[in-house]
Amino acid sequence: MGEARVQWREWGEAAFREAREQDKLILLSISATWCHWCHVMDRGIPGDPVHTGTYSDPEIAELINTYFIPIRVDTDRRPDINARYNMGGWPTTVFLTPDGEVLTGATYIPPMQMRQVLLQVLQYYRTGREEIRRRAQEIARRRQETSRPIARPEAQLSWTIPLHLIGLIARAYDPVYGGFGEAPKFPHPEACLLLLVEYLRGGRRDERLAEMIRRTLHGMADGGMYDHVEGGWFRYSTTRDWSLPHFEKMLEDHARLIPIYLCAAEALQDEGLRQAAVKAIAYVRRTLYDPERGVFWGSQDADEEYYALSRREREQRTPPAVDRTVYVNWNSQMALAWMIAGDFLQEPAFQEEAVRTLEALWTLAFDAQVGALLHYVDVHGERADQKGVPPLLADQVHYARAALAAFQRTGDPRFLERALRLRTYMESALADMEGGGFFDRPEDPRALGALRVRQKPLEENAVAAELYLTLHDLTGERSAREVAERTLLAFEQEYGKYDFVAAPYGLAVYRAITEPVRIHVIGPMEDPATRRLLAAAWRGDPFLRIVVPMDPQRDASAIQAQGFPLDGLPAAYVCVGDRCLPPARTPEEIAERLQTVT
């Protein structure tokens, strides 16, 4: 007879029915392919007598299989479950009632402690049913209250919000090593971006803002959180001085970090930041990009021993495993980062690869019946819908935002059409029509456990607001701006609870209350001269900029309605509000016009 193994179930009705019918608690394990301590809890560390595997211990496995219904969830594939049950990190180990309410939980639990926890939880479940019932009702009530922030009738968007957040960021700033908060230290690139946007708005005069940005970005790029051999950033630092990282590398982190490094490098004239971004781009292209499919993989596993090796020693050893799953939200973010990289580095190949990624995602993950994008597709062809994962807000907003960025750089109307198609799904399945904003997942009467109550995630709603603001600026549709404002107002009283981590919300509010520079590029989109003007329109600070590509054949009526002539093309008109400067017909003239309005 072989050793006992934990008989993991998938999250689904079958496992919950089994728990109800047998009156057993659910042991929910939230893991990740890149998570070192998840692997330790599963298998232990070979040759280490202290860190033996919890779930590979035969006695523990038998206890779990006999008295619990064990469910294993991958956090990247089920962010909706992770958002509701995570206990502060990975692995998450949480004990649920058969209805999915939380009894207790923790993160990593070593074998000796796990035996005690299992027996204590069992005893509590057998003897404390009435208290458990009361606690479950209270948890459900609190979850319902906190899941739906709503817009107050008298609420308004103002400079108070981004300036308040800048104050929170400054308060959390570490003046010695850079970064925000104490150890463990995470990157928080949006906090740096909000500081950078304010620095540029103030005419580059506030050196304190520049110093916070510079010290933070160099702290991450010059210390242990950066891979100085292969390039790229590790997920976070366990120490205040950035010296000791957790060694996993995430596609999402690189999609968020590469743009701020390139933006800051140009604004601060800092070649070191530019080189950090360039080296990270090379890492992503080499390790996380699949040129055959045109997509990016999700992450690379942590391996402390591997990352201690020199370049020559690494070349003789198999690198850490890569999660060959295509996550739509992260791929969309990286496609946007690739376009921004192309703008700053003036390399057309980035834009071409970004467009190819957006095409691949649409082919692989768009569900025409539902009218929405699925969350993931893996290398074996498994799709999210096959595992009961509905289309999620994050995938729609990140793809739609990247699609609008592609439209503004190529003039290809398919990308605008796709953004509008995803908007239809968002408004029909995810929008809170009464309170403003969007829920993370569609209503589902069959949802299990905490999934029964939908949440409004702050960060994804901030992205949704930016998406709607861009739609308004491109199309002139007033209702799109109203949706954006109502989305932001839903969090006007809530954002402070997130402290400086609400920086993405601050950026979206900043965008809503600031008039963008609009550049109308008019000419045949296949004309190389038009394409040069489109590229020139994106040089410099991209944050408060809208580029409106207008083809004289396709958009003749719109061009005339806005008062632009149809001769002397291609030409670009730089506008702020109702004021437009004389036409620019060369990249140099666009740069001159932009200098006068920014």
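Trainee: Which ring does Arg414 lie over?
Mentor: Arg414 lies over the face of Phe415, 5.6 Å from the ring centre. A charge sits over a ring if NZ of Lys or CZ of Arg is within 6 Å of the ring centre and within 35 degrees of the ring normal.

Trainee: And what does Arg285 lie over?
Mentor: The face of Phe350, with 4.8 Å to the ring centre.

Trainee: What kind of model is this?
Mentor: A predicted one: local features need pLDDT of at least 70 and side-chain atom pairs pLDDT 80 or more, while totals for chains, interfaces and linings use all residues. Residues are numbered from 1 along each chain as its sequence is written, and side-chain values use heavy atoms, leaving out hydrogens and water.

Trainee: Back to rings. How many aromatic pairs are there?
Mentor: A search of the whole structure gives 28. Rings of Phe, Tyr and Trp (its six-membered ring) pair if their centres lie within 6.5 Å; planes under 30 degrees apart are stacked, over 60 edge-to-face, the rest tilted.

Trainee: Why is the pair of Phe234 and Tyr307 called edge-to-face?
Mentor: Because the planes stand at 75 degrees, with the centres 4.9 Å apart. Phe234 is in the loop between helix H9 (207-222) and strand E5 (236-237), and Tyr307 is in helix H12 (residues 304-307), 73 residues apart. Helices (H or I, at least four residues) and strands (E, at least two) are DSSP runs, numbered from the N terminus.

Trainee: Are Phe234 and Tyr307 buried or exposed?
Mentor: Both are buried. Buried is under 20% relative accessible area, exposed over 50%, partly exposed in between (1.4 Å probe, protein chains only).

Trainee: Which residues form a cluster with Phe234?
Mentor: Ring pairs link Phe234 with Phe247, Tyr306 and Tyr307.

Trainee: New topic. Where does Arg423 lie?
Mentor: In helix H17 (residues 413-430). Arg423 counts as buried, at 11% relative accessibility.

Trainee: Which side chain does the Arg423 side chain make a polar contact with?
Mentor: Glu427, at 2.8 Å. A polar contact is a pair of N or O atoms within 3.5 Å; within protein, one must be able to donate a hydrogen and the other to accept it, and residues adjacent in sequence count only if both atoms are side-chain atoms.

Trainee: Where is Arg240, then?
Mentor: In the loop between E5 and strand E6 (245-246). Arg240 is partly exposed, with a relative accessible area of 33%.

Trainee: What does Arg240 contact, neighbours within four places in sequence aside?
Mentor: Among others, Asp174, Tyr177 and Glu182; contact means heavy atoms within 4.5 Å. The side chains of Arg240 and Asp174 are joined by a polar contact of 2.6 Å.

Trainee: On to strands. In what order do the four strands of the open sheet come?
Mentor: E2-E1-E3-E4, with mixed pairing. Two strands pair if DSSP finds at least two bridges between them. The edge strands are E2 (68-74) and E4 (102-106), each pairing on one side only.

Trainee: How many bridges join E3 to E4?
Mentor: Four, and E3 (residues 92-96) and E4 run antiparallel. Phe95 has Thr104 in E4 as its bridge partner.

Trainee: Last one. How many residues of strand E16 are buried?
Mentor: Six of the six in E16 (residues 517-522), so the strand is largely enclosed by the rest of the structure. Val517, Ile519 and Val521 cover one side, and Arg518, His520 and Ile522 the other.

Trainee: In which sense do E16 and E17 pair?
Mentor: Parallel, over six bridges, with E17 at residues 545-550. Ile522 stands opposite Met550 in E17.
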